[in-house]
Amino acid sequence: MTKKNALSLVEVRAVKHLPMGVLAELADGRRGIIRTREMSIDADDQTDWRKIYPVGWKGSALLLPLAKDRSLELSLRLVQVDAWSEFVAKADKKKIFEGIVAGVVVYGVFVEIAEGVTGLLHRSCLPAWVANQPLDLFWPGDKVHVQIREVDITQRRLGLELVPSWLKNSPLIKMGEAFALPHQTKLSQFLQADLPTHHILLVEDHLEQRAMISGWLQKIGQRVDEAESARTALDVLAQSPPDIALVDVGLPGDMDGIGLANQILDQWPLTRVINATDWICADARSAELEALRLRGAEFIEKPLLPDDLIQILKAPPRLTSAETCRGFDLISSSDSLGTRAAVSIRALVSECCTTLGFDLCLLFAFDPTRRIVAIAEQAGTQSINTHAVASLVFSPVRDVAEDRKTLSQNEVSRQDEDYFRYLLDLYPRLASCIGMPVPGQLGARYALFVMDKMPRAITREQELYVRAMALALGGALEQKFFQEHAILMQRTALIGQLTKSMVHEINNLVGPMASRLEHLKTNLSKSQKNVLSLDADEKQKRGMVEEIDELYIQARTLSGITRTFGRITAKAHDEVLRMDQIVQETINLLKEPAARAHVTLLFIPPDDMPIVRSQSAALQQVILNLTLNAIQQIQELRPDQGGCVCVHIQTPERMDANHAFAVVVEDNGPGIHHSLWEKIFEIGFSTRPEGSGIGLYISRSLIEQIGGRLFVAESFILGGTKFVFEIPANFH
């Protein structure tokens, strides 16, 4: 108990139940609140606290530090287990913590570094070159590397500082080594999860409080409407009723928060009402607040902390009447018909065949210029005569694809055989079919056909399903068409950027080569005219041999530059590659832009020789994209100080056919907000004002095309990012 006594362990008596907890009295007559979350480490005790701690209950509580302008607060939970004190007793100030941003205020950032242990990274501890304010720089859920700067035991406060990863001699910069995974506390799991989106109406008259709470909620993906008074809130409610109304009790004007809460419960019963107030106001108006509680309203104590807001968001959003009554949606009902970029055409064709129960499903492509029909994709249990494909230009396939006609044939009878002649050559057992044009702005025209060996009474629902499939295929084909052209356009832009670097490197080589050649020519001329002694002659010959060796080395370097450049511009094809050579050659092309940005480029070769069968052009384009992006991010953040980018190759202990190697590109740049780790791969999204938003999208597309995956492995605000792409060996 010594430790608890040192941290103000006091005896208390429960004198009243308030909506947000127990009002307790100390021996010296002072009163304080025990919030619901401070009742117990057991969630069930937090729910049944009124029964467990009735009025008149006596016990021990921990007196929490009293901040300025704050009411007295107590904790029963910390009497049971004091995670803060236990952590501080063992904490090492030299240790680097991978913290999770719990909340952001104007004066700094609250960072959780262990379960239940949060410290303050004050804005004065940010580097001088950081222009942004904490509210703009950090988002809840972000990761940061911090160290403990100071410990205030009496106030139970931790002061934190950023680890200076932007310095070349920083202990954090261990390029090529993976950082340990961060702790996974309840807060970090919540903030980094795929949170449900709530529509929240925040009614608060204090401008700074309203901005802070609204900003926090919006940065974790919530939709927030703001109101400074009850009347403004009612206008918002009339236009768009929210899932949650978070209402301050002490609102100004002719209607306070209690009146507004009652009106919301009367008129908008589907909206969850949560009142926020301090315990002094709650004590004074306990009867009114208790009546609200019995009607279903909830309560939290001000000032609101991230923990309070998290409890609010844990409940799923309620369905609106429109969502409740929504009928069955044919397209969205199937996972294979989602809007994700990775939806494959093959999966759609297979889904169509399986769902309808037809024998065959064929996606035909018609080239209107060359008048050629080809099979783009096929699914089903029946075989076809591929030799008949060339004649399909004279079949109904062309009518459906070119003339955009819909074909629905219950039975192919004798009188229809002439029209279906070439389709019968393709599939002799054809007895019924549906043919649907595939819409889209594409070079070729497409048609989707489902066929069966038995006559069928084709229903309207089946035709609608095939039409829906054709629409989905049109979208997938347009996406594929765009992706191919975007890759080409981005490669062209990349080549334009690299040309300047290549010209710079070639000029640096050609100048000395010309000088050496001139010098060699002069020496040869002298040796022909002058008769030298044996020693002088030997010395002159050795000098010319050294000149020739230097020229040979420079010629090989020049050849290597042009060869690497040629690989990037070449058409993609599979070949046996050494990944270490691919990486080294590629980053050599970026020496000039890296030097301009004061960025050091490093490559750490692996111990083993990493051999793969893959496409060098695709791999080099991805490495160029990731590395150049890192250079540009560092240059934008620290134009004078620069930074470091390291590329290295990881070989797993056990290779498999899916992921044999991992190429890691890490930097000490600005970092990426955790909630954007996936969004940055969406087309058109960029964290830089002048960014195109296609580089990372194309990089992931290229890696997925060769059977790998690209993702953000780690990222820390002001501490850098680690991109990883895994690729298969492809030797199976």
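The crossing of helices α20 and α22 is right-handed. The contact is made by Met 579, Ile 582, Val 583, Glu 585, Thr 586 and Ile 587 on the α20 side. On the α22 side, Ser 616, Leu 619, Gln 620, Ile 623, Leu 624 and Thr 627 take part. This is a predicted model. The protein chain holds 23 helices and 27 strands.

**The chain overall**
- The protein chain has 732 residues, and buried residues make up 48% of them.
- Take the contacts between residues at least 6 apart in sequence: 69% of these join residues at least 24 apart.

**Helices α20 and α22**
- Two packed helices are described by the angle between their axes and the distance between the axes.
- Helix α20 covers residues 579–588, and helix α22 covers residues 616–637.
- Their axes come within 10 Å and cross at roughly 50°.
- That angle makes α20 oblique to α22.
- Sorted by class, the contact of α20 with α22 has 7 nonpolar, 4 polar and 1 charged residues.

**Helix α9**
- Helix α9 spans residues 230–239.
- Its buried residues are Ala 230, Ala 233, Leu 234, Val 236 and Leu 237.
- Seen down the axis of α9, these buried residues fall within an arc of 160°, so they line one face of the helix.
- The face of α9 turned away from the buried side carries two exposed residues, Ala 238 and Gln 239.
- The cover over the buried residues of α9 includes strands β11 (199–203) and β12 (223–227).
- Helix α10 (257–267) is also part of what covers them.

**Helix α23**
- Helix α23 runs over residues 695–705.
- Of its 11 residues, 9 are buried, so α23 is largely enclosed by the rest of the structure.
- The buried residues of α23 are Gly 695, Leu 696, Tyr 697, Ile 698, Ser 699, Arg 700, Ser 701, Leu 702 and Ile 703.
- Gly 707 follows α23, and the phi of Gly 707 is positive, near 90°.

**Pro 728**
- Pro 728 lies in the segment after strand β27 (720–727).
- Buried means under 20% relative accessible area.
- Pro 728 has 3% relative accessibility, so Pro 728 counts as buried.
- Pro 728 and Ile 706 are 22 residues apart along the chain, and their C-alpha atoms are separated by 7.9 Å.

Note on methods
Residues are numbered from 1 along each chain as its sequence is written. This is a predicted model: local features need pLDDT of at least 70, side-chain atom pairs count only at pLDDT 80 or more; totals for chains, interfaces and linings use all residues. Side-chain values use heavy atoms; hydrogens and water are left out. Axes are lines fitted to C-alpha atoms, for helices over the stretch in contact, and angles run from 0 to 180 degrees between N-to-C directions. Helices (H or I, at least four residues) and strands (E, at least two) are DSSP runs, numbered from the N terminus. Angles under 35 degrees count as roughly parallel, over 145 as roughly antiparallel, 65 to 115 as roughly perpendicular and the rest as oblique. A crossing is left-handed if the near helix is turned anticlockwise from the far one by less than a right angle, and right-handed if clockwise. Contact means heavy atoms within 4.5 Å. Ala, Val, Leu, Ile, Met, Phe, Trp, Tyr, Cys and Pro count as nonpolar, Asp, Glu, Lys and Arg as charged, and the others, Gly among them, as polar. Buried means under 20% relative accessible area, exposed over 50%, partly exposed in between (1.4 Å probe, protein chains only). The arc is that of the directions from the helix axis to the C-beta atoms.
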